[in-house]
Protein chains: 2
Amino acid sequence: MARKAREQLSEAELAVLRVLWDFGPQTVRGVMERFHERGRRVAYTTVLTFLVRLEQKGFAVSDKKVGPAFVYRAKASRESVVRTRVRALLDQLYDGAAAPLALQLIENERFTDEELSKLRKLIDELGG
Amino acid sequence: MARKAREQLSEAELAVLRVLWDFGPQTVRGVMERFHERGRRVAYTTVLTFLVRLEQKGFAVSDKKVGPAFVYRAKASRESVVRTRVRALLDQLYDGAAAPLALQLIENERFTDEELSKLRKLIDELGG
DNA sequence: GCAGGTCTACTACAACTGTCAGAGACAGTC
DNA sequence: GACTGTCTCTGACAGTTGTAGTAGACCTGC
């Protein structure tokens with residue numbers, strides 16, 4: 001027996017999924033081109049593999065075709081994936097507590113004044 | 001050729017490293033017992049493997065012995081590991097921007113009033 | 001001086017990941 | 001109708017990860 005089947009997104013799969021979120025439904029070639037534009041050299045069949053795996057894991061679907069090529073679109077929402085990932089990080093690092101991560105972020109990362117006031121506003125709305 | 005050698009912590013290795021952070025230097029058996037206390041059933045040799053890998057990757061060292069057993073201690077600091085992980089998450093999800101994650105956290109996770117005021121105080125100190 | 005327990009070292013192995021090549025299907029073109 | 005290009009499908013392979021068994025070294029108590 002090995003580890004439990006988690007149907008979890010790997011890093012490269014997530015990168016592909018992000019293309020679908022950011023640019024809308026794409027063919028294999030389309031995704032590959034977006035990668036190439038960003039300087040990420042990757043073979044056509046590699047991208048195909050990731051899209052197939054995304055579909056197997058339920059994060060994408062390919063129902064339509066454009067000419068001979070399948071068009072893949074994201075099925076999972078960006079928000080749900082982000083939440084899952086953040087939760088996993090929280091569990092791994094702080095037994096699930098969110099506050100330490102929030103503090104760590106605000107202390108160690110850079111924010112513009114605008115971002116800071118947005119954060120402040122949000123916190124004020126939550127009361128306390 | 002496969003992916004670049006990243007000398008990256010895996011999830012289970014991180015869990016072991018956390019024991020070293022939380023409970024101080026430990027033998028293999030010590031780490032295993034901490035896991036068992038938390039209901040994580042794992043074989044002695046499995047823990048040994050993780051500690052060996054941690055040492056190979058430079059996150060831990062085993063210089064002393066207690067009786068016949070090596071005592072492992074964390075070499076990498078919790079802070080540095082957390083920073084690296086958070087950074088990786090930021091890159092994967094938001095091309096490195098910190099603000100969206102901060103907002104996501106505050107919106108979607110729960111905080112006590114005390115935590116909120118700590119956050120507010122920190123934000124106020126950063127100006128803006 | 002050997003039986004039993006503990007330790008490390010070595011080996012193993014399946015699932016997951018990143019990466020891609022080759023084969024076969026189909027459309028357009030000369 | 002053969003050539004070219006584009007697609008998908010299938011297979012492959014090495015590195016990582018989670019998990020653990022086994023072997024050999026070493027004490028210790030009888």
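Predicted model: local features only at pLDDT ≥ 70, side-chain atom pairs only at ≥ 80, totals over all residues.
Residues are numbered from 1 along each chain as its sequence is written, and chains are lettered from A in the order in which they are written. Local features need pLDDT of at least 70 and side-chain atom pairs count only at pLDDT 80 or more, whereas totals for chains, interfaces and linings use all residues; side-chain values use heavy atoms, with hydrogens and water left out.

Helices are DSSP runs (H or I, at least four residues) numbered from the N terminus. In chain A, the axes of H1 (residues 11-23) and H4 (residues 78-94) come within 11 Å and cross at roughly 150°, with axes fitted to C-alpha atoms over the stretch in contact and angles running from 0 to 180 degrees between N-to-C directions. H1(A) and H4(A) are therefore roughly antiparallel (angles over 145 degrees). The contact (heavy atoms within 4.5 Å) involves A:Glu11, A:Leu14, A:Leu17, A:Arg18, A:Trp21 and A:Asp22 of H1(A), together with A:Arg78, A:Val81 and A:Arg85 of H4(A).

Between the chains, 43 residues of chain B are in contact with 43 residues of chain A. The two chains bury about 4,200 Å², 65% of it on carbon and sulfur atoms (accessible area lost on being put together, 1.4 Å probe, summed over both parts). On the chain B side, B:Gln92, B:Leu93 and B:Ile123 lose the most area to chain A, together 14% of what that side buries. Across this interface 8 salt bridges are found (a side-chain nitrogen of Lys or Arg within 4 Å of a carboxyl oxygen of Asp or Glu). A salt bridge also joins the side chains of A:Asp95 and B:Arg18, at 3.2 Å from N to O.

Key
Helix = DSSP H or I, 4+ residues; strand = E, 2+ residues; numbered from the N terminus. Parallel < 35°, antiparallel > 145°, perpendicular 65-115°, else oblique.
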